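Me: I would like a close look at a single part of this model, with some background on the chain around it. Please spell out the cut-offs as you go.

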Amino acid sequence: MIKEFLKRILLKSNKNIITDKQSVINYNISILNFNKKYPSRITNSICSISEIGIGCKISDTKCFGNVSIGNFVSITGPGTIINSIKEKINIGSFTSIGQNVCIVDFNHAFNRSTSSFIINKIFQGNIAEEIITKGKTIIEEDVWIGSNSVITAGIKIGRGAVIGAGSIVTKDIPKYSIAFGNPAKIISARFSENKILFLEEIEWWKWDTNKILRNREFFETDIAKQSIEEIKNKIND
């Protein structure tokens, strides 16, 4: 009881993270941006990760290893697993991840006599010696990953992309693309090329919270139906 109480005080005062009784979080987690007004909330989850931003909401999820989560990220289980054994998994700000999503940085080494983790199970060796990986997994800002999707190791999903529910992503997905299927294929772009370039130019995901608050009209605008000039007129510096 005392340990649990001290843990909550530590996280609230120093880490800017609010947890419930069902959650476990590592004490040495780093906060990317400290802001008491926007604490990250973790419920019914296990999060043993490297760093997290402000304003995140993680529920019914298991996150392990060298995982970096940006600002205002939503990860909603149940069944969602994010696991890094060798390589870093980076999840950009304003990304949304649905239920039963699997993001891992490794595969079984099936080129050996057995694909089982026999070195770990029987010889008490390091499981990292028995896996294969294709490098870092990068999910950029404002990506939406639908429920029941699998993101394979070493994949880069570009900013603003949408991954449809039930997709298996085996290749990189360009920015602002809509993709789904098994394997996931690009169906269309979210916006025209000039509007994508405009969004990349203004970099709204880097705005501080005060500027975001001044620009509610911009975030409520149907980008597809407005000209760039009309969109610009809705932005307040």
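Which are the buried residues of α3?

Reply: Happy to take you through it. This is a predicted model, in which local features need pLDDT of at least 70 and side-chain atom pairs count only at pLDDT 80 or more, while totals for chains, interfaces and linings use all residues. Residues are numbered from 1 along each chain as its sequence is written, and side-chain values use heavy atoms, with hydrogens and water left out.

To your question: the buried residues of α3 are Lys195, Ile196, Phe198, Leu199, Glu200 and Ile202. Buried means under 20% relative accessible area, exposed over 50%, and partly exposed in between, with a 1.4 Å probe and protein chains only. The helix itself spans residues 193-202. Helices here are DSSP runs of H or I with at least four residues, strands are runs of E with at least two, and both are numbered from the N terminus. The cover over the buried residues of α3 includes α5 (216-220) and α6 (228-232). Just after α3, Glu203 has a positive phi of about 50 degrees.

Setting aside neighbours within four places in sequence, Ile196 is in contact with Tyr176 and Phe191, where contact means heavy atoms within 4.5 Å.

Ile196 also gives us a way across the chain: it lies 149 residues from Cys47 in sequence and 34 Å from it in space, C-alpha to C-alpha. Cys47 is buried, with a relative accessible area of 1%. A search of the whole structure finds zero disulfides, a disulfide being a pair of cysteine sulfur atoms within 2.5 Å. For Cys47, the nearest cysteine sulfur is that of Cys63, 4.2 Å away. At 28% relative accessibility, Cys102 counts as partly exposed.

Ser167 sits in the loop between β19 (162-163) and β20 (168-169), and is buried with a relative accessible area of 0%. Not counting residues up to four places away in sequence, Ser167 touches Asn148, Ser149, Val150, Ala179, Phe180, Gly181 and Ala184. Val143 is in the loop between β15 (137-139) and β16 (144-145) and is buried as well, at 1%. Its contacts, again leaving aside neighbours within four places, include Phe94, Ile157 and Ala161. Val143 and Ile163 are 20 residues apart in sequence but 7.8 Å apart in space, C-alpha to C-alpha.

Finally, the setting. The protein chain has six helices and 22 strands. Its radius of gyration is 20 Å, close to the 18 Å that the globule rule gives for 237 residues, so the chain is as compact as a globular protein of that length. That radius is taken over C-alpha atoms, and the rule is 2.2 Å times the number of residues to the power 0.38. Along the principal axes, the C-alpha atoms fill a box of roughly 65 × 50 × 25 Å. Of the 237 residues, 45% count as buried, and among contacts between residues at least 6 apart in sequence, 24% join residues at least 24 apart.
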